[in-house]
Amino acid sequence: NDGIIQVFRRDESPYEVSSFALGGICEDKVYTFLDADDNSEFKISGKELKEKGFTVKIKEKRTAKIYFYKASN
């Protein structure tokens, strides 16, 4: 029901945006995400995560993002 996502953008990566399939996601739950950089929170339905994945945008190369998430009903 909870977890951590850590995404790295390598120095040679041409991609600023990527979507990732997360394992163990339940379609009938809502997931609250916490961005570790700015402590902002946002919610995504399990259904949307299953269909579209989790999208991360990293503008600067050699940078990482960390998100904590928790499921609720």
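The model is predicted, so local features need pLDDT of at least 70, side-chain atom pairs count only at pLDDT 80 or more, and totals for chains, interfaces and linings use all residues. Residues are numbered from 1 along each chain as its sequence is written, and side-chain values use heavy atoms, with hydrogens and water left out.

Fold first. The protein chain has six strands and one helix. Both are DSSP runs numbered from the N terminus: helices are H or I with at least four residues, strands are E with at least two. The order along the sequence is β-β-β-β-α-β-β. The C-alpha trace spans about 40 × 25 × 15 Å along its principal axes.

Now contacts, meaning heavy atoms within 4.5 Å. Take those with a separation of 6 or more: 69% join residues 24 or more positions apart.

Next, the surface. Of the 73 residues, 29% are buried. Buried means under 20% relative accessible area, exposed over 50%, and partly exposed in between, with a 1.4 Å probe and protein chains only. The chain exposes about 5300 Å², and carbon and sulfur atoms supply 45% of that.

Last, one residue. Where does E51 lie? E51 sits in helix 1, residues 46-52. Is E51 buried or exposed? E51 counts as exposed because its relative accessibility is 57%.

Methods: Areas by Shrake-Rupley, 256 points an atom, 1.4 Å probe, with all protein chains shown as cover.
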